[in-house]
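Here is a short briefing to read with the model open beside you. Please keep the viewer at hand as you go through the topics.

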Amino acid sequence: MSFPLPSPRSTLLRFVRLTSTQTVTCSSCCAGAIGNRYMSQGITRNTMKAQPTTPLDIEPSLLTVTKTTSPKELPPSKSLIFGQTFSDHMLRIPWTDTTGWGAPSIVPFSTINLSPSSTILHYAQSLFEGMKAYRHADGTVTLFRPEMNMKRMNTSAQRLVLPAFNGNALIECIKALITIDRKWIPNEPGHSLYIRPTLIATNSTLVIAPPKEALLFVITCPGFKPVPLYGTTEYIRAAPGGIGAYKLAANYGPCVIAQKNAANQGYAQNLWLQGPGHWLTEAGTMNLFVVIKDRGGVSELITPPLDGMILPGVTRDSVLTLARNHVSGVKRLQGLPDTIKVSERPINMAEIVQSSKEGRLVELFGTGTAAVISPVERIGYNWRPLWTELVGIQTGAINSDWNYVVAAK
C-alpha cells in the first residue's frame, strides 16, 4: 500500500526569543576550518545504505548572533545538577529538502514550538551527540576530538535518513557559541561545559518517510556527573541488526525503566547484558572496559567489539589508543603494567564471575563524554594512569593534537 507524500510546506518549527536585540553578522569568528584529523571509528556492520539527500552546505560565514539582554549568573559549581542548568544561548540551523541548510544563528536559549503532527514526536526521528569544552589553567578553551563527534553524528543521520552536513562547518559554528558563552565553563578541576548537538525532523505529517524539514540545534550546560552497576537481565539496550551502534534518541528512552529499577535496588546505572549468555555490552550510557589478569599474571584490557550493538564512543577510542600507544612504546604511561594485552572481544558474566573467584578480576570501568572514566564501585581503581592521561589531555596539562582550540588565553 502506498501513501501520497504531502506537498512541500513551510516549517512549523519556530523559536520564541527571550529578548529582542540587534542581530549582527559573525563571520570573523568562524573564518577558519580545522584539518581532517579523522581517526578510525568504523562500525563493523554495513548498514549505511541511506545516502545524503542534500549538499554539505552549512555555511559558517552566514552565522548571525542575537545576544540576550538578560544574561544569567553561573551558579556555584557545588550546586550544579548535570543537565538542568543551561547557558544563555543556543545555536540553530534549519534545513529543508528544497533549499538545503539555512543560515546558522545563535539566539538566546528558549523554547521550541512544534506542530503536534511533527514527525519527531511520533517516529523518534532524532539524534544527538555529547561533547565537552574545557578551560585550561592558562585560560585557553578547547574541544576534545570534535571531528569524531561530527563523523558519528553524520553516521547516525544517515541511519535515520536525516540530512548530512559538513562537520568542520558545524564545529566552526559551535566554536562561536562557546566563545559567546565562555563564562559558563566552570573553573574548578573536573568540571567542563557539556555540549549537546541535536538533529530532529520537524515536518508536519503522519506519513512515515524521509523528512522534508529538519532542525539542527546545539545547547550547552555546565557541570560534572561522575557509579555501582546493576546487571540487567530482564531488559536489553540493543539487539543484532538494530540501532545500538548509533546515537539516536530512540536508544535512550526505553532504558529509563531499567535505570529506575536499578536505582530502586541501590545502583547508579545498569550493566547491559545481551542474550542467554549474558554478554557484556555497555554500562548505563557508557562504553564498558574490563581488566582481567591471565593465569600467567599478564593484564588484559578488554572492551566489547563494535558489532553493531555497541556505540563507537569517542572516549572509548581514546582509551584504546592510549593503551595501544603504551604497549607499542609510542608513549608509556607511568603506573600501568609494562606488559598488557589490549583486546576488543566478547566477554560475558561467566568469565567475570570466574576471574573474580580466582582473584584475577582487576577492574571494571565505563567510559563516556559525561563521566570520562568511571570505575565501578567496590572494585579497585588500579588503572588510574589511563584516566590521568586522558583528563590531562582534555584539560591542557598534556599537549595533544586531540584538542581543538576554541579560544586562546
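Where is the place of H278? The place of H278 is in the loop between β14 (269-274) and β15 (279-283), where helices (H or I, at least four residues) and strands (E, at least two) are DSSP runs numbered from the N terminus. This is a predicted model, in which local features need pLDDT of at least 70 and side-chain atom pairs count only at pLDDT 80 or more, while totals for chains, interfaces and linings use all residues. Residues are numbered from 1 along each chain as its sequence is written, and side-chain values use heavy atoms, with hydrogens and water left out.

**Overall make-up**

- The protein chain has seven helices and 21 strands.
- Of its 409 residues, 51% are buried; buried means under 20% relative accessible area, exposed over 50%, and partly exposed in between (1.4 Å probe, protein chains only).
- The chain's accessible surface is about 18200 Å², and carbon and sulfur atoms hold 55% of that. These areas come from the Shrake-Rupley method with a 1.4 Å probe, and for residues only the protein chains shown count as cover.

**Nonpolar cores**

- In soluble globular proteins, nonpolar side chains tend to be buried together.
- A nonpolar core here is a set of buried Ala, Val, Leu, Ile, Met, Phe, Trp, Tyr and Cys residues joined through side-chain atoms within 4.5 Å.
- The largest nonpolar core has 42 residues, and those touching the most other members are L91, L170, I174, I178, L199 and L216.
- Two or more residues of this core come from each of β4 (89-96), β9 (131-135), β10 (141-144), α2 (146-160), α3 (167-180), β11, β12 and β21 (403-407). Helix α3 gives the most, with eight residues.
- I174 is in contact (heavy atoms within 4.5 Å) with L91, M131, M150, I195, P197 and V218, leaving aside neighbours within four places in sequence.
- There is also a second, separate core of 21 residues, with V319, L336, V342 and I393 among them.

**Salt bridges**

- Side chains of opposite charge can pair when their charged atoms come close. The cut-off for a salt bridge is a side-chain nitrogen of Lys or Arg within 4 Å of a carboxyl oxygen of Asp or Glu, and a search of the whole structure finds eleven.
- One of them joins D97 and K212, whose closest N and O atoms are 3.4 Å apart. Because D97 sits in the loop between β4 and β5 (100-101) and K212 in the loop between β11 and β12, the pair ties together parts 115 residues apart in sequence.
- Both ends of this pair are partly exposed: D97 has a relative accessible area of 34%, and K212 has 21%.
- E300 and R345 form another salt bridge, at 2.9 Å from N to O. This pair links distant parts of the chain, 45 residues apart, with E300 in strand β17 (residues 299-303) and R345 in the loop between β18 (340-344) and α6 (349-357).
- E300 counts as buried at 12% relative accessibility, whereas R345 is partly exposed at 22%.
- E344 and R316 meet at 2.7 Å, N to O.
- R295, E358 and R360 are linked in a network of salt bridges.

**A nonpolar patch on the surface**

- Y123, L206 and I208 form a nonpolar surface patch with about 320 Å² of accessible area together. Patches are made of residues with over 30% relative accessible area and no salt bridge, with like charges joined within 9 Å and nonpolar side chains (Val, Leu, Ile, Met, Phe, Trp, Tyr) within 5 Å.
- L206 is in the loop between β11 (192-201) and β12 (213-223), and counts as exposed at 53% relative accessibility.

**Positive phi values**

- H278 is not a glycine, yet its phi is positive, near 55°. H278 counts as partly exposed at 32% relative accessibility.
- R145, also not a glycine, has a positive phi of about 50°. R145 is in the loop between β10 and α2 and counts as buried at 0% relative accessibility.

**Cysteines**

- The whole structure has zero disulfides (pairs of cysteine sulfur atoms within 2.5 Å) by search.
- C173 counts as buried at 0% relative accessibility, and C221 counts as buried at 4%.
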